[in-house]
Amino acid sequence: MHIPDGFLDTKTMIVSATVSVAVIALNNKNIKRAFDEQPIASMGMMAAFVFVAQMLNFPIAPGVSGHLLGSALVTALFGPAAGMTIMTAVVALQALLFHDGGVMALGANVLNMAVLGCWGAYAVQRIPFGGRIRPVLLFVSGWLSIVLAAFAASVELGVSATVPFNVVVWPMLLWHAIIGVVEGVITAVTVPFLAKVTVLKPWGKREIEES
């Protein structure tokens with residue numbers, strides 16, 4: 001899912017970077033709420049967990065990899081604004097330290113994995129169920145976040161004429177739909193577990209529906 005340098009044209013890199021910066025800047029004011037509700041050290045630990053999880057990847061197409069994401073997990077715990085910040089830091093460090101994703105393509109990778117990944121997950125997690133988050137919503141949010149990010153990457157590659165859209169989109173969606181099942185299970189299991197054994201609680205102080 002990490003798009004390397006040389007795979008996107010100039011206009012796609014500029015547009016994706018502009019959108020990423022604008023959305024993150026607009027939501028920075030909401031990060032204080034996450035700081036008030038959760039220990040800052042917990043955000044660092046979750047960022048490290050996501051960083052390691054994303055390093056386990058495998059090739060799907062030339063220059064494009066499939067891997068776990070983590071956007072739904074951090075969104076459930078810290079909200080979409082802080083989640084985007086965490087995911088942006090993870091994606092940026094991977095590009096700068098390990099060349100996993102290009103530096104010039106960083107705006108697109110942030111858009112796919114941080115912005116779309118977190119807000120896609122948030123849209124599902126906020127479906128009302130009497131003030132509770134049901135595990136099925138956590139599962140769906142994890143699955144959707146990774147599929148949505150994969151689709152966006154396919155669109156960017158297609159628009160850039162790197163590879164025809166109809167050629168790249170189906171392998172990307174197929175593999176990430178499979179990976180998304182694992183992502184969904186991890187999200188659905190980890191959030192309730194952390195809520196029970198740590199001070200971490202679902203963002204917005206919503207309760208976990210046990211049944």
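This is a predicted model: local features need pLDDT of at least 70, side-chain atom pairs count only at pLDDT 80 or more; totals for chains, interfaces and linings use all residues.

Visitor: Which elements make up the chain, and in what pattern?

Guide: There are seven helices and four strands. Along the sequence they follow α-α-α-β-β-α-α-β-α-α-β.

Visitor: What radius of gyration does the chain have, against that of a compact globule?

Guide: A compact globule of 211 residues would come near 17 Å, and the chain has 16 Å, which agrees. The C-alpha atoms fill a box of roughly 45 × 30 × 30 Å along the principal axes.

Visitor: Now a single helix. Which residues of α1 are buried?

Guide: Buried here means under 20% relative accessible area. In α1 that holds for T12, M13, S16, S20, I24 and N27. They cover an arc of only 95° around the axis, so they sit on the same side of α1. On the other side, T10, I14, V15, T18, V21 and L26 are exposed.

Visitor: And S141, is that residue buried or exposed?

Guide: S141, in helix α6, is buried, with a relative accessible area of 0%. Leaving out residues up to four places away in sequence, S141 touches A72, A121, V124, Q125 and T187. With Q125, the side chain of S141 makes a polar contact of 3.1 Å.

Notes: Residues are numbered from 1 along each chain as its sequence is written. Side-chain values use heavy atoms; hydrogens and water are left out. Buried means under 20% relative accessible area, exposed over 50%, partly exposed in between (1.4 Å probe, protein chains only). Helices (H or I, at least four residues) and strands (E, at least two) are DSSP runs, numbered from the N terminus. The arc is that of the directions from the helix axis to the C-beta atoms. Contact means heavy atoms within 4.5 Å. A polar contact is a pair of N or O atoms within 3.5 Å; within protein, one must be able to donate a hydrogen and the other to accept it, and residues adjacent in sequence count only if both atoms are side-chain atoms. The radius of gyration is taken over C-alpha atoms; the globule rule is 2.2 Å times the number of residues to the power 0.38.
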